[in-house]
Each structure stands twice: as structure tokens, then as C-alpha cells.
Amino acid sequence: MNKTFFTGTLRKTVTLPAAFAIAVIFSPAYTYAGNTGPDGIKHTGTLFTNITDEAGLSDISMQNGVWADINHDGREDLIITGQDGGLKTKVFLNTLKDGRIFFQDFTVESGLTKDTAFPGKERKMAFAVVSDVNNDGFIDIFSAVYCEYDKPATDKNGNIVRDEAGNKVYEKKDDGMRSEIYLNDGKGHFRQVPGNYFPPETISGAAFLDYDKDGIPDLYTGSWYKEYGISLLSYPGRLYKGKGDGTFTDVTGQAGMLTKETEGQPDSSRPVYGVSHGDWNSDGYEDIFVSVYGRQANRLWKNNGDGTFTDMGPETGFDGDEIRHGRYPEWVSRNAEKEFRSHGNTFSAAPADYDNDGDLDIFTGEITHGWAGESSDRSSLLVNGGKKKNHAFKRYPDLLHRIHQSTVNWNQGDMRVSWADLDNDGKQELLVASGDYPDKQYLRVYHMRKPLEFEEVTDRYGIDWESSASISIADFNNDGCLDIIAGKSWMRMPKEKRNGRVPAPGLFLGKCDGHWMQITLRGKGAGATATAAPGTKAVLRTGSIFPHRQLRFVQTSHGHYGLSDSQRLHFGLGKSKKGTITVYWNTGAVTYKNLPADRFIRLTEGISQPEISTTPFAE
């Protein structure tokens, strides 16, 4: 079914533009770049200013963070986890008052540091993944806890420690806390769902999706090693079917996804560091991309549309590159790895239609080293071959022309990757956040001049951020230009590079040229499309003679520790002042014509008239 609707006039107006409001507070001295790139495009208005101090975030530790409008006022708020004398969670409301924007510490009021099973004890959330799990219109949270209680203690010689009775002694005692679902009252206050039980595993990635298209969000979790440093045994990934009330049922076995506690076999559990989702083969069902660590093969769980999944990693090339001999360089005294350990250390897999051809491509973020040899996979662009090639990927590992300090022993700590149209020209930039090593690991930005040709624009865009941890992208001040928050990692960093009390984030305020459009999708709920529309695709077409096509979809995660961006869909329109959007709801495709540029637009399943506003929707 395909319907076409025509939009009318602007339905909402405001008296104070949001762009003015942010300028009142921060008043950054913008200096336009004013130079032309090799592609001939004059990037005069794309510039980022670090406003961390002005925003009051310079004394907050952040390794993982995500933008999400938790109090539903139309402004993206911040949920942050970091190390500050132990694992800490912080929540900040993006607040507009008297024409001024500021970040209000809302941690205690949010309830996300509370656990009903442990009154008075601070909850240790590792990361958050967000969606509306009970379809009440409010953003809820999967609060992930990293449980490493099955790892035996070892002595200085690597032998497992045992007590007098001969039983294994474990490194950590089980504190009883588990991953949980927290439901939102619509004002940013969360309550824990009773009756949920997620097993005590090393959960390191998760994503909400609607795999069975019943209009109720489901959840997939990925876990890391079970006994890191002792064995290669790992916990299985798990698929949970949503019931619609905030509770879930483990259906991993039914779905054909339950892996075994063995090493090196096709059905062995593997150490996962990131989870992504999206419709890889354009069949209308969401698939799951699993980023695997330990130089083991990535998994692409194909959604068969009948409640089951099949691992298509080997057939598609998503599992790893073709160099699988496992040999180290001659100067490294290590035996060659077996083939199952000849892949990558994949932390993130960011899906996007980067070349605007209608198929989902993927960029993988990998940690690799000069000493690991050529068999260790590099960060790569995986281009989808489309239906003619059974949607197999062609891998391009050397597009970014990385320059290393050493030609022999170097590091690439590419743990987080994202796509976003930062300059509103209709092509998405690639962001690669690198850290954890002292040899110039930075957050870098690459502009696509044309498919398979990228130019680094980090310096031109005014971004200077070393040892980047998690990144999250959103238009937090609602001016039509995307902004970035980037975490900081002090892992392996020398003391002279550890500035401040804690590894604080960098908040980069964007300034850009070009027209834009930001789309909020709202489904009807159970039996149709989930209210928050996870996985739902929208295609924008601009121009008439040679229409330019862009695809976006609502992503809840695309990598390590819940890596995710705002779920409001951002399109750059360049010089176009209007566009046509087709949304692929569970109930069928619907087309909305003549939508104006430079507006926030809400499209609701089953309602013919788009809502158009100069500010985001607050209800």
C-alpha cells in the first residue's frame, strides 16, 4: 500500500527562535572557515565551537553518553555514564528559561541511579539505550549493567586461585544488580519495571528494534567474554520479545540465535562490543549487526520474517576481510592465529546509505595495531552491492588515508563511528572517534567528495579532540545545525594529557550553511508501527529533473556500549527549499509532498496532515 498526501501551511509558530536563545548564553565568537575544498564546495559556514565550559560540563566524567528528549519538551537532554571514583550516571535536562538554554542536573530526580532491590545504594549503569517500550509516547531506557562475576581469580603465574575446598575463587562478588528497564512518566522521572530479569552477563551492546513488526519494541543484547584473559569463552547474545508493558521474554532459542559456550566453532558465542540494527537487504524486516571483539568474526543476523534469524556474516563479507592467515610480522614473536582469530576488533558498525543509492552500507570501527599484522582487520567502508549481488558487501579499508606516527608499530583506536550531514549539503559526513592510545588518536571528520572518495575536514570544522570516547550527535539548540558531544578516555594516556579532575566530555556547537529538515516519526503502536518507530525508514527526495534521494531510519544503537545519536531524523537539503518524504510504516508506505525546508516536521502513522513547526514538538 502506498499513499500520497499533500501538505498545507505552517501550523505552529513561536516568538523566540531557538538559535537566538543559545547565542544569548554562550555567545561564541564564530569565525567562518572561508575556504574551498578539493571537491569545489565552499564550506564557509560549517564550524564547531567547544562550549563545554559555558555549558557547565567540564567537571563531569563521560565515557558514554546519549542525547534523548526524556521530558518531552522538544529539546534533547543528556544521559551520561563515566568514571568518577567509580561508575557514575548523570542526567542533564536541556532547559530553556527566559530565553536562555542551560543544562540542569536532573540525576537524582530522574531515578536512574536508584534500584528498588537495593534501597539507598547507587545504581551502576554502564550505558543506556532508549526507545518507547510501552508505546505511551514517552522515551524509556534499557539500563545496562556489566556483570563480570564468572571470571576466576588468578595468581601472578596465571594459575586459577582455589580455596581450601578446591573451589574456584572469583575476582568479583556478585552485588545482585542486573540490567533493567526503566519506564518514563513523560517528565523525565523513571521507575523500574518489576519482574524483568536479565542474566548477570557482560552486556556491552544493545539495541531496540521491532523484529516481528507487531508494533511493540523488542531488544537485542550482546555480551563480552565470560573469563577475559583466561579463556575465549563468551556469553551469548540474546533476543528479547517485547510484551508492550515494559517487560520482555527471552526468545533467543526460538529465533535460532542461541550460541554455545565453546571456542572457535561457527556456533560458538563470541565477545561482542557493539550492536547495530537496520534493514540490510531491503525486505522490510530489520536485521541485526553484531560487532565482535578478539579478532573473531562479526555476525549479520538476517531477519527471515518468520521470527527466526540466520547468520549471513560469511556470505556477505560482514564477518571480516579476506586476509585470514593469522600471521604476525616477522619482528613479533608470536605464533600465527587460527583462522577464527584472524578477523578484527570491531567496536561499532554504523549503517547508513552513504552513497544515496537506496541500500544500507556500513562503516566498521576497529582497534588494530602495527604489531598485529595484516590479518587484523582495519576500519573499513562496506558498500552494499544491492539486490543484483545478493546484498553482499565490498570492503574498502584504506579510504581515509590514515598517517601513523610510526611506520612499524602504530595504533588505531577507532571505537566509535557515526554518519551525519554536518554541513547540510545532502551528503553525510563520517565521524571516527579514536582513543585509548597516546599516538595522536582523535575524533576525526571526513567529508565525502564523491562515493569512495573522502577528505578529512576535522581542522577546517574546528574540532580538536584527542582520545575520544563515545560520541552522540543531535541538534540540541534547535537551529538546524547538528551538534556533537564527545566523551574522553584516559586509558593509556600520559599524565600530561589528563587535563582536569576527570575525563570530561567536549560539547561542540555546530554552525552550518544549507537548508535542512528534521523529521519526527510517530507510529500508532501495537498492531501497527511502534510509537517511537525504531527501524522505520524515511526517504527524502529533492529536485525534480534529477531528484536527489536520501535515506534515514530511526536508530537506537549502532555500536559500542549503546552508541547512538538523536532519533529525530536530520536531512540536509543544500539549496533545495522543499522536499518529498516517503515513510515506510509497518502498515504501508506513505508519501508526503511539498514539505518546506528549515522546519521541524512530525509525521504520524494514520494521519494524513503533517505537522510543521519552527520549533520541535514538545508533546
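This is a predicted model: local features need pLDDT of at least 70, side-chain atom pairs count only at pLDDT 80 or more; totals for chains, interfaces and linings use all residues.

Reader: What makes Cys-481 and Cys-512 a disulfide?

Author: The sulfur atoms of Cys-481 and Cys-512 are 2.1 Å apart. A disulfide requires two cysteine sulfur atoms within 2.5 Å, so the pair of Cys-481 and Cys-512 qualifies. A search of the whole structure finds one disulfide.

Reader: Why is the link of Cys-481 and Cys-512 said to tie together separate parts of the sequence?

Author: Cys-481 belongs to the loop between β27 (468–474) and β28 (483–488), and Cys-512 to the loop between β29 (506–511) and β30 (515–522), so the link joins parts that are 31 residues apart in sequence. The angle about the S-S bond is -90°, and the link is left-handed.

Reader: Why is Cys-481 called buried, and why does Cys-512 count as buried?

Author: Buried means under 20% relative accessible area. Cys-481 has 6%, so Cys-481 is buried. Cys-512 has 13% and therefore counts as buried. Cys-147 is also buried, because its relative accessible area is 1%.

Reader: How do you know that β7 and β8 pair?

Author: Pairing needs at least two bridges between two strands. β7 and β8 (residues 140–144) have five bridges, in the antiparallel sense, so the two strands pair. Within this pairing, Val-129 stands opposite Phe-142 of β8.

Reader: What makes a space a cavity, and how many cavities of 30 Å³ or more does the structure hold?

Author: In a cavity, a 1.4 Å probe fits but cannot get out. The structure holds four cavities of 30 Å³ or more. The largest cavity has a volume of about 540 Å³. Its lining comprises 28 residues, and Asp-69, His-72, Ile-139, Thr-520 and Leu-521 are the closest to its centre.

Reader: Which strands supply the lining of the largest cavity, and how do its residues divide by class?

Author: β3 (64–68) and β30 each supply at least two residues of that lining. The largest share, four residues, comes from β30. By class, the lining of the largest cavity divides into 13 nonpolar, seven polar and eight charged residues.

Reader: What is known of the second largest cavity?

Author: The second largest cavity holds about 420 Å³ of space. It is lined by 27 residues, of which Trp-419, Arg-552, Asp-565, Ser-566 and Arg-568 are the closest to its centre. Two or more lining residues come from each of β19 (346–352), β23 (411–420), β27, β32 and β34 (569–574). The lining of the second largest cavity has twelve nonpolar, eight polar and seven charged residues.

Reader: What makes a space a pocket, and which residues lie nearest the centre of the second largest pocket?

Author: A pocket is an open set of points, whereas a probe in a cavity cannot get out. The second largest pocket has a volume of about 400 Å³. Of its 20 lining residues, Asp-279, Gly-284, Tyr-285, Lys-537 and Tyr-584 lie nearest its centre. β31 (537–542), β32 (548–553) and β35 (578–585) each supply at least two residues of this lining. The lining of the second largest pocket has six nonpolar, seven polar and seven charged residues.

Notes: Residues are numbered from 1 along each chain as its sequence is written. Side-chain values use heavy atoms; hydrogens and water are left out. On a 1 Å grid over the protein atoms alone, a cavity is a set of points where a 1.4 Å probe fits but cannot get out, and a pocket is an open set with protein on both sides within 12 Å along at least five of seven lines; lining residues have an atom within 4 Å of a point. Grid points are joined across faces, edges and corners, and a volume is the space filled by probe spheres set on the points. Ala, Val, Leu, Ile, Met, Phe, Trp, Tyr, Cys and Pro count as nonpolar, Asp, Glu, Lys and Arg as charged, and the others, Gly among them, as polar. Buried means under 20% relative accessible area, exposed over 50%, partly exposed in between (1.4 Å probe, protein chains only).
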